[in-house]
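Thanks for sending this one over. Here are my notes, in numbered points, to go through with the model open beside you.

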Amino acid sequence: MDLSTIDPAILLASLMVASTPILLAAIGELVVEKSGVLNLGVEGMMITGAICGFAVAVETGSPLLGFVAAAAGGAVLSMTFGVLTQFFLSNQVATGLALTLFGLGLSALMGQGYVGIKPPGLGDVNLGPLADIPFLGTVLFRHDFMIYVSLALVAGVWAFLKYSRAGLILRAVGESHDAAHALGYKVVLVRLAAIAFGGACAGLGGAYLSLIRVPQWTEGMTAGAGWIALAIVVFASWRAWGVLIGAYLFGGVAVLQLNLQAAGAHIPVEYLSMSPYLVTILVLVIMSSGRGRAALNAPASLGRSFHASS
Amino acid sequence: MIRLEKRPQPSRGWSYVTPVLAVLVTMVAGGALFAVLGKDPVLAIRTIFYDPLFGEFAWYFRGQLLVKAGPLILIAIGLSLGFRAGIWNIGAEGQYIIGAICGAAVGLALYPMEARWLVFPLMILAGVLGGLGWAMIPAILKTRFNTNEILVSLLLVYVAEQILASMALGLLRNPEGSGFPGSRNLSQYEAAANHELIAGTGMHWGVVAAFIAVIFAYVLLNRHMLGFQIRLTGQSPRAARFAGVRPNRLVLFCLGTAGALAGLAGMFEVSGPSGQITIDFNSGYGFTAIIVAFLGRLHPVGILLAGLLLALTYIGGEAAQSNLGLPAAAIQAFQGMLLFFLLAVDMLTNYRIRIGKSEVA
Amino acid sequence: MHRRARGARVSAPLLKVEGLRKAYPGVVANDDVSFQIMPGEVHALLGENGAGKSTLVKMIYGLVRPDAGRMTLNGASYRPATPHAARASGVAMVFQHFSLFEALDVAENVALGMENPPPQRRLARRIREVSETYGLPLDPTRLVGELSAGERQRVEIVRCLLQDPKLLIMDEPTSVLTPQEVEILFETLRRLQAEGTSILYISHKLEEIRALCDEATILRLGQVVGVCDPKSTSAREMAELMVGSALHTPSRAARPPGEAVLEIGGLSMKSSNPFGTALRDVSLEVRAGEVVGIGGVAGNGQDELLAALSGEARSGAQTVRLNGQPVGNLGPNVRRRLGLLAAPEERLGHAAAPDMTLTENALLTGAVREGLVARGFLKWAAARGFAERIIADFDVRTPGPGNAARALSGGNLQKFVIGREILQRPICLVVNQPTWGVDASAAAAIRQALLDLAEGGAAVLVISQDLDELMEISDRFAALNEGRLSDPRPAQGLSVEEIGLMMGGAHDMEVAHVQG
């Protein structure tokens, strides 16, 4: 094995690329869960976003339009979940699973004609002299704009939840939908909006995967990224910056194992490939065993159906 | 304005009607989907749901029905126990894979021993223990560290898939397979083969096990204290603790049973219909079984019927693929749709639809 | 019945309610309800559980839209479509089950109940000012989950006061306060009244209404059955109007105390709920044939004490003993076998499973002592028989044991739950809030059943927040305060003052600062 082939700057830069799909999906799911809804359909929305974005980018030649379409696709799909859980009061766990199963099938169906095509590329943002800073330039300032969008989203979600009145209402709805209803807040509308936002973010994450990270379309290409995003929300104990740390940690493991594979480590490929999942499980265990503040930060109404019965 | 009104108690009548209604609505919506894909919707639905049972080649397809339904029912029965108790094991696919690997490994280790009375039961045992062991990981993490079993069981599917690839390419590879990936074919190894028991019916030991599991689950849920505790925990966890239920034991039991049955299904599959361990041995039974469990209303008899129905969509889907050129993914989307519609119409069981003046909500 | 002469009033009514009606499927919650509130008046809305008080105030607060009738506020038509609209019109409400968010801090909770809250820092300052002016000290940065029930109510009240309401609706506000705290609350309300705020005060506690209110509207079965001046009407008259029949007071025979049956010694235990109260060094003895009442404001360890006795929470073996035998480390079913039975406060979801039938709910605790299980297999016929026996003996109104628990009214389900335990012939029975949210006749029946049980030689421990109830049925009384149990004292002759001090007195509340 030759570890000298691994350049730390490039490793860190590719870490950001590897993390971004999960970061996008997880920050969306964070908002959904903060509103008290558990949407287990992240995987399904991600892969739907992946194909929607890919198809539109290929057809129009514009990756930007592709990302817009991915967000729209994810949001539309999430609305089936929203309608079922908020109006039809279906079980959120079961409905989320249905969303994932349906999304996987639907995306495979939509992607029939797109296997083996190369999508139009998304250039890096020109940050001028910043990009020339040694080391940091390579790590931070030579990326495509979606990476910066994802970071802005994290900051935006953090500020929204902490400082805005709408964010306060969203947290209140997630904490106790009965009390929020008694004060006159539209629980169902707040939750639908959160679900749509989550769907759009998951769609963006999926499109980042198919348009930039891979970039190609293959069936089932998300390979559990949506589930890892769900785990990262738990890891972050429902905090926006925690999501960033979790996603980058996961991205680090993913990139490292790829680099080790490339460097010819004497570990079978399969064991390296399973490492991100094992690390995620390990992190989940550590986070959930340390109860206390982390446990308190979980929205109290998470996963419970709301029906105004007054 | 239409609004929902909670029924004083769940409607028994609707709980029987809704699954049928869901299937009918899915057929209509599925037909529309097929029409969008440029296929004749009536012909497609007929190819999927009617021809395998009553068409020209029904003699072949009917046998396949049990072959596909067996593992689905077996896994779904296990899952349903947990789902009833609010314990969400969605990693049955992984438990199925590990069960198959363990069962196959024992069979291959004993090759070419001829004592079927020893080899086959040992394989069954290994399959059960494999699935059980794999399911015990989320179970123990849940009871010891309060870790979310949904995420852990699901993530372990991806780990199991990697182990499967490793096994097919390495440890279990057929030494006489001239370097091709995949194990020796167990269905051609007399002592280890899971044969068709009655020719032409598709009935094999896995199907027998599925029927036994149905009866076992029925008795457990309706006649036994443990089944009562499972239902109680799912409906009202706090009341369950008050009634003296130990939640941790229930987690271990439900996840363990589901894992054991999934492992069993994997073992019967690898020694019979599939025959060998390959990289793509698993075909999503573990996930489809989730749909089976819900469509069957988590009721053993319902699961039996739902398992047969989804087996039909597999077989009919294959037929539609070869006859009409319908993409394989269409069936997957169709199955997902079925679960959606089921969850939607399920509301009718617990709520009444009222048309009248609206409430300020 | 005395009717107040309306001509004496000079000003126009603040709120006028005329012919309000609201029907739900199968039940008319309000029918042709009319009354009016004058500016600066404290108006009582009096009625039993289920009389329609909640629905009525929800219509005034914009949570429920009336089917018929109209309201005028300050002479203008008033039809709030949402609570936002109600608040904008100057109507504020303090809820009985708090509309608070445990994981949010006080300032955030207050902001959520306001239409246009100022920025956080200014809001925090305003909260401090208002809370101190009215004698309701509050720290705006604390998490509501860490506050006591009384403090939580302060948050609700301060939230309302910050909006300078013209009409303040208070739904059963004293159920979470000690007698001393009630006095202070009344001072605050009188001060608001003096400032011209009208108060709609909902309660079923007659003495409170007599002490505070200028006029009372009495509701029964959704209709107004009387209007009176509570200061000049006797409590008994109002009670009979409210209930519609003469009240049955439980009867009891004096009995000599027997042997100690239940002994709690040095019981300390953390709560399983992150916002719960830990039990601290609780010691108590309950003797055969005696009823011991435990009072205290909600959230002072009542749920935890019940869990520790039922076996849901375990402690050291010796901390709980039954007939001298250590049981503190045993689970619920072993304790049941030995004769220690319990009935928790929450009927739906704790004492009973809402979606299960009464037969299944009978099985829930009756399996062990009634022999409803043989080698793990259920004896359905026996379980059904047991359920039918409970229904018959305790007058549970239901079509049959095949009905779901949630289909029963609160009173009927509570009779079922209490009956289920009593019919199992407990050696010791522990109940929490046995008559909470139950109509008067069912409450009387339940109290009588508890007294009969004690008379039969069982030890009975009643945890309740209803002091009248405890005084009525207990031989000895103790109070829980922040997880500590006071020394029990004979109930007879105990003054309200003394009870209040046992419950922790006024905590850190203070009388409203009277200015100018």
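In what sense do strand 11 and strand 14 of chain C pair, and over how many bridges? Point 2 has the answer.

1. Ground rules. This is a predicted model, in which local features need pLDDT of at least 70, side-chain atom pairs count only at pLDDT 80 or more, and totals for chains, interfaces and linings use all residues. Residues are numbered from 1 along each chain as its sequence is written, while chains are lettered from A and ligands numbered from 1 in the order in which they are written.

2. The sheet in chain C. Strand 11 (residues 260-269) and strand 14 (residues 320-322) of chain C pair in the antiparallel sense over three bridges. Helices (H or I, at least four residues) and strands (E, at least two) are DSSP runs, numbered from the N terminus, and two strands pair if DSSP finds at least two bridges between them. C:Ile264 stands opposite C:Val320 of strand 14. The open sheet has four strands in the order 12-11-14-15, with antiparallel pairing. Strand 12 (279-287) and strand 15 (325-326) of chain C are at the edges with a single partner strand each, so one side of each has no neighbour in the sheet.

3. C:Ile446. This residue belongs to helix 14 (residues 440-455) of chain C. Leaving out residues up to four places away in sequence, C:Ile446 touches C:Gln414, C:Lys415, C:Ile418, C:Pro434, C:Thr435 and C:Val438. Contact means C-beta atoms, placed from the backbone, within 7 Å.

4. Helix 9 of chain A. Residues 187-213 form this helix of 27 residues, which reaches 37 Å from first C-alpha to last, close to the 39 Å expected at 1.5 Å a residue (1.5 Å times one less than the number of residues). Of its 27 residues, 23 are buried, so helix 9 of chain A is largely enclosed by the rest of the structure.

5. Where chain B meets chain A. Here 40 residues of chain B are in contact with 40 residues of chain A. On the chain B side, helix 14 of chain B gives the largest share, 13 residues. That side has 29 nonpolar, eight polar and three charged residues, where Ala, Val, Leu, Ile, Met, Phe, Trp, Tyr, Cys and Pro count as nonpolar, Asp, Glu, Lys and Arg as charged, and the others, Gly among them, as polar.

Methods:
A residue is buried if 20 or more other C-beta atoms lie within 10 Å of its own, exposed if 12 or fewer, and partly exposed in between; C-beta atoms are placed from the backbone. Two residues are in contact if their C-beta atoms, placed from the backbone, lie within 7 Å.
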